[in-house]
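Dear colleague,

Please find the structure below, handed over for your files. My findings follow directly after it.

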Amino acid sequence: RGGDITYHGPGQLIISPIFKLKERGFNAHGYLHLLEEVTIRTLKSYGIEGQRIEGLRGVWVGEKKVAAVGIAIRRWTTFHGFCLNANMDLRPFSYIIPCGIRHKKVTSLQELLGQDVDMDQLKEQVRDSMAAVFGLEIAAVSREGIEDLLRHP
């Protein structure tokens with residue numbers, strides 16, 4: 001694990017993919033690396049150069065963390081994933097030590113771009129990056145379709 005505590009709040013895009021790691025030939029570290037790659041590619045679509053920092057998880061722009069990555073695995077099935085700070089008030093991060101990292105700050109797409117990000121467009125960019133990184137074809141499913149799947153698995 002990366003650290004002590006994190007914060008999830010309004011204006012953050014939270015992605016929790018579910019994969020059976022063994023079926024896809026992933027290990028935990030490789031999977032984490034791929035989630036970071038999804039975020040890096042998403043940032044690139046906005047003209048932002050995201051990066052990894054050796055020894056730290058997540059995606060960084062300069063010395064500021066823009067996305068946290070954290071997974072859990074049970075029976076080789078993943079849950080949790082990553083969160084990308086989009087249009088959010090960053091003040092709550094000042095009340096904690098995000099991910100247990102004292103010497104780094106947190107940023108958002110809004111702060112980096114100097115304007116709000118359209119969340120629907122951001123979701124599409126993340127979806128496209130997920131498809132490219134994981135070699136997936138992702139079908140659009142409506143809320144009604146998801147609710148129907150939950151009622152009739």
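Of the 153 residues of the protein, 40% count as buried, where buried means under 20% relative accessible area, exposed over 50%, and partly exposed in between, with a 1.4 Å probe and protein chains only. The model is predicted, so local features were required to have pLDDT of at least 70 and side-chain atom pairs pLDDT 80 or more, while totals for chains, interfaces and linings use all residues. Residues are numbered from 1 along each chain as its sequence is written, and side-chain values use heavy atoms, with hydrogens and water left out.

The accessible surface of the protein is about 9,500 Å², and 50% of that surface belongs to carbon and sulfur atoms; areas come from the Shrake-Rupley method with a 1.4 Å probe, and for residues only the protein chains shown count as cover. Among contacts (heavy atoms within 4.5 Å) between residues at least 6 apart in sequence, 63% join residues at least 24 apart.

The protein contains five helices and six strands, in the order β-α-α-β-β-β-β-β-α-α-α along the sequence. These elements are DSSP runs numbered from the N terminus, with at least four residues for helices (H or I) and at least two for strands (E).

Strands β2 (residues 51-53) and β3 (residues 56-61) run antiparallel and are joined by two bridges; strands are taken to pair if DSSP finds at least two bridges between them. Q51 stands opposite W60 of β3. Two residues lie between the strands of this hairpin, and G55 there takes a positive phi near 85°. Strand β3 is also joined to β4 (residues 64-74), again antiparallel, by three bridges, with V61 opposite K64. The hairpin of β3 and β4 likewise has two residues between its strands, and G62 in the turn shows a positive phi of about 65°.

Turning to the aromatic residues, the structure holds six aromatic pairs. The rings of F19 and F26 have centres 6.2 Å apart and planes at 90°, so this pair is edge-to-face. Rings of Phe, Tyr and Trp (its six-membered ring) pair if their centres lie within 6.5 Å, and planes under 30 degrees apart count as stacked, over 60 as edge-to-face and the rest as tilted. F19 is buried at 8% relative accessibility, and F26 is buried at 19%. Ring pairs link F19, F26, Y31 and F134 into a cluster.

L34 and F134 are 100 residues apart in sequence, yet their C-alpha atoms are 7.7 Å apart in space.

Finally, N87 is found in the loop between β5 (77-85) and β6 (105-106) and counts as buried at 18% relative accessibility. A polar atom of the N87 side chain lies 2.6 Å from the backbone oxygen of V117. Residues up to four places away in sequence aside, N87 touches P10, G11, Q110, Q115, D116, V117 and M119.

With kind regards

Notes:
Polar contact = N/O pair within 3.5 Å; in protein donor to acceptor, adjacent residues only side chain to side chain.
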